[in-house]
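I opened the model today and took notes as I went. The entries below follow the order in which I looked things up.

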Amino acid sequence: MNTLRRAVQTEGYCIVRSLLSPAAVSQWRSVIGAQLEATGKAQQRSGVAVWWPQDVPELLLAAHTRGAVAAVAAAILGPRAEFLSAKPVIKDHSRTFATPFHADTFYWGGSTKISCWLALDAARRTNGCLTLVLGTHRQLDRLGRVSLPQAAKGFEHRIADAAVAASGLPVVDVELAAGDSVWFLDSVVHGSQPNSSQQPRWSFISTFRDGAVPDSATIWPDGGQACVPAGDVDPGLCLRDVEESSSTISALRAVQWAETLR
Ligand SMILES: O=C(O)CCC(=O)C(=O)O
């Protein structure tokens, strides 16, 4: 079993550094910015836009179905990895929101999903990097879920801060350079601090599942029929995205692992 898959199975997450080169990061930012402008969502207060595969700009869709992101998804989930949806999550000086602790499975249900949280800026505690509560994929029920009325500005299903503190589980700020990524199971409790700095924090979160596993989730249109296979990895495309990076080793290994799954 490859290192990424083992890490996700045992720890619930793994970090893949330099998934995107600096050049790819800046291309992604312009493409995402343009799509948000085009859909009238560039300035929205939430800082979040949900995109189904058909809404994802071509450059990013290629990365998620054949390129570097697909390579890692296939390394973790196997050759029938499927790309389901994605969302830019943008914090800046005017959108400083914190994200409360939650597990994505509260919202999705069905088969296990994995998300890639990709940093498009350096993500630090001060600008609201992702925070993981380690080990929760093994004992999510123990933390106790709190459900708030729909009116509570999203994230109506949460884990209380006090429950996290009482669990004694490690709470880790995942500080990343732009282009780095953290991949985590939908049963891993996570959240983020507010952006208390002047530094923007752009991130792009995309979600995958193993298409070989039956899924009863209902939130993806057509039950996910519209999702795109992510197992057809094209090493050339991966290299295009990572070639200018100073540390490409993790992403390149993922490509090799994905190839061994064919
Ligand atoms: O980037 C963040 O602040 C976390 C966002 C998140 O967990 C979510 O949208 O489900």
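How many bridges join strand β2 (residues 81-91) to β11? I counted 10, and the two strands run antiparallel. Strands here are DSSP runs (E, at least two residues), helices are runs of H or I with at least four residues, and both are numbered from the N terminus.

I noted the ground rules next. This is a predicted model: local features need pLDDT of at least 70, side-chain atom pairs count only at pLDDT 80 or more, and totals for chains, interfaces and linings use all residues. Residues are numbered from 1 along each chain as its sequence is written.

**Overall**

I found nine helices and 12 strands in the protein. Of its 262 residues, 44% are buried. Buried means that 20 or more other C-beta atoms lie within 10 Å of the residue's own (exposed: 12 or fewer; partly exposed: in between), with C-beta atoms placed from the backbone.

**The sheet**

I traced an open sheet of six strands in the order β1-β9-β4-β11-β2-β12, with antiparallel pairing. Its edge strands are β1 (13-16) and β12 (228-229), each pairing on one side only. Two strands pair if DSSP finds at least two bridges between them.

I then followed β4 (residues 113-119). Seven bridges join β4 to β11 (residues 201-210), and Ile 114 has Phe 208 as its partner there. Five bridges join β4 to β9 (residues 181-185), where Ser 115 is partnered by Phe 184. Both pairings are antiparallel.

Why is β4 largely enclosed? Because seven of its seven residues are buried. In a regular strand the side chains alternate between the two faces of the sheet. I checked each face of β4: Lys 113, Ser 115, Trp 117 and Ala 119 are buried on one side, and Ile 114, Cys 116 and Leu 118 are buried on the other.

**The core**

I looked up the largest nonpolar core, which has 63 residues. Such a core is a set of buried Ala, Val, Leu, Ile, Met, Phe, Trp, Tyr and Cys residues joined through C-beta atoms within 7 Å. Helix α4 (residues 68-77) gives the most to this core, with 10 residues. Tyr 13 and Trp 183 are among the residues with the most contacts inside the core.

**The ligand**

Which residues are around the ligand? I listed Val 89, Thr 99, Asp 104, Leu 130, His 190, Ser 192 and Ser 203. Each has its C-beta atom, placed from the backbone, within 6 Å of the ligand.
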